[in-house]
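Open your viewer and get ready to select some residues. We will go from stop to stop, and at each one you will see what is there.

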Amino acid sequence: MIPALLIRGATLLDGRSVDVRIVGGLIVEIGSGLDAADARVIEAEAGLLIPGLHDHHVHVAATAAARTSVKCGPPDVVDREGLARCLSMPGIGWLRGVGYHESVAGMLDRVWLDQVAPERPVRIQHRSGRMWFLNTAALETLLAPGVPLPSGLDRVTGRLFDEDAWMQQVMAANMPAFDDVGAEWSRLGVTGITEMSPANDDRVASHFVAERERGALPQSVVLAGQASLGAGGMNRALKLGPVKIHLHEADMPDFDTVVSMMRKAHAKGRTVAVHCVSELELVFTLAALRDAGVEPGDRIEHASICPDHLLQDIADQGLSVVAQPNFVSERGDAYRQSIAPDEWSALYRLQSFVSAGVTLAGGTDVPFGDPDPWAAMAAAVSRRTLSGHVIGACEAMSPEQALSLFTADPVDLRRQRYVEVGCAASLCLLTRPWTEVRNALSAADVRATVIEGRVIYDRVDQAPVQGGLGVDASA
């Protein structure tokens, strides 16, 4: 049984100072001078109390795997020499690299990888998540006798495109443990995530259920993925998300096939979420949705490039957009080098969507972006690249709007969550009131994270919980 909890002296977004009583994982009372009774007490000391943040676009298994991988792209590695040093480190067995971008050393190939790392199998993932670069040792390991040759493999260059499922099957890869990522999200005040990998199936769902049951992933989970996902029944620990459709401009699918996929998803009561990072992909998606018919909750992931006429089409069709404002900061300098200046204003638009009445939510796309939603909020406000350039100043949001990107309801993005009686007690407590926090938007201000009434993170050195019950962060 979850013990009662009282958060005393917190400040809400509207400036009110309140006590919040939590029983059975729900907020049961909000007021002033509430009796602690037998509840655990956290002294908020005027810190802001908000709904726990929800990251609306993540890739959990890839994030967990990245923790044991070598970073091969900006800002950690920026040139060919730096990449060579990373790949030539001593070791045995597989070397897995992540985050590669062609600005470092162009499109990698097997020959160059053999020169810098000839002794061990190497596989490097492009930061898009859709391509792997393999050396000869990796090819020989994967293509053992009797293994079917994947259609997305170029053996001459060692480039493997859109074949993650094949690679996992050949390597008999087990999904990683989620302890580290669950703990990091807890420190950031994240109480829920939407997992958006297109290959998610019932096998993946079973792993998520197991990780949540053992406490490795305390966050609530909305699981998007294949159309077949959920056919075996979803455990109550997971919510079934949209059907993910992953487009790629270099290899566009048949239009009628995509329209059929959308209609079938809708017929099953599922929405669709379509990956669109180029103008062509967005044009294709909007045309397909116009033919298939839009259901409330259908969404565009990324909308990385969105000219005015397509923005209006998104609004007219009643679609939602899940954007990554962090990419303006993390990748903005690279965008300035690779994208024509007259297209910069169409990059990761925010305020224009809001002004057009488009429902907008935020996701970090971790591990392809930084997992910190506070950094994403700060980027939404400043629109500054790492070197200090501003991209699309007119797309900047107010701090309040930026926060709302991560407090939207994960199932119905049109609805904002608030600290209210009767709501689930999944909360983020900060060290300072909003009047001070709004000027910084930093994860350093996260004081405590509560998920369904359980304190899963508290950064204060001395025990914040009073009443003789102590602190049980793992409860």
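Start by selecting Val-23, Leu-26 and Val-28, which make a nonpolar surface patch of about 210 Å². A patch consists of residues with over 30% relative accessible area and no salt bridge, where nonpolar side chains (Val, Leu, Ile, Met, Phe, Trp, Tyr) are joined within 5 Å and like charges within 9 Å. Accessible areas come from the Shrake-Rupley method with a 1.4 Å probe, and for residues only the protein chains shown count as cover. Val-23 belongs to strand S2 (residues 17–23); strands (E, at least two residues) and helices (H or I, at least four) are DSSP runs numbered from the N terminus. Is Val-23 buried, partly exposed or exposed? With a relative accessible area of 39%, Val-23 is partly exposed, because buried means under 20%, exposed means over 50%, and partly exposed is in between (1.4 Å probe, protein chains only).

A word on what you are viewing: this is a predicted model, in which local features need pLDDT of at least 70 and side-chain atom pairs count only at pLDDT 80 or more, while totals for chains, interfaces and linings use all residues. Residues are numbered from 1 along each chain as its sequence is written, and side-chain values use heavy atoms, with hydrogens and water left out.

Next, look for rings. The whole structure has five aromatic pairs (rings of Phe, Tyr and Trp, the last by its six-membered ring, with centres within 6.5 Å; planes under 30 degrees apart are stacked, over 60 edge-to-face, the rest tilted). Select Tyr-100 and Phe-133: this pair is edge-to-face, 5.6 Å centre to centre with 80° between the planes. Tyr-100 is in strand S8 (residues 95–100) and Phe-133 in strand S10 (residues 131–134), so the pair links distant parts of the chain, 33 residues apart. Both of these residues, Tyr-100 and Phe-133, are buried.

Now move to Phe-255 and Phe-284, an edge-to-face pair at 5.4 Å centre to centre and 80° between the planes. Here helix H9 (residues 255–267) supplies Phe-255 and helix H10 (residues 279–292) supplies Phe-284. Phe-255 is partly exposed at 25%, whereas Phe-284 is buried at 13%.

For one more ring stop, select Phe-327, Tyr-335 and Tyr-348, which ring pairs link into a cluster.

Then try the cysteines. How many disulfides does a search of the whole structure find? It finds zero, a disulfide being two cysteine sulfur atoms within 2.5 Å. Select Cys-276: its sulfur is 9.5 Å from the closest cysteine sulfur, in Cys-306, which is too far for a bond. Cys-276 is buried, with a relative accessible area of 1%.

Finish with charges. The structure holds 17 salt bridges (a side-chain nitrogen of Lys or Arg within 4 Å of a carboxyl oxygen of Asp or Glu). In one of them, the side chains of Asp-308 and Arg-349 meet at 2.8 Å, N to O. Asp-308 is in helix H11 (residues 308–317), while Arg-349 is in the loop between helix H12 (326–338) and helix H13 (351–355). Asp-308 is exposed at 54%, but Arg-349 is buried at 8%.
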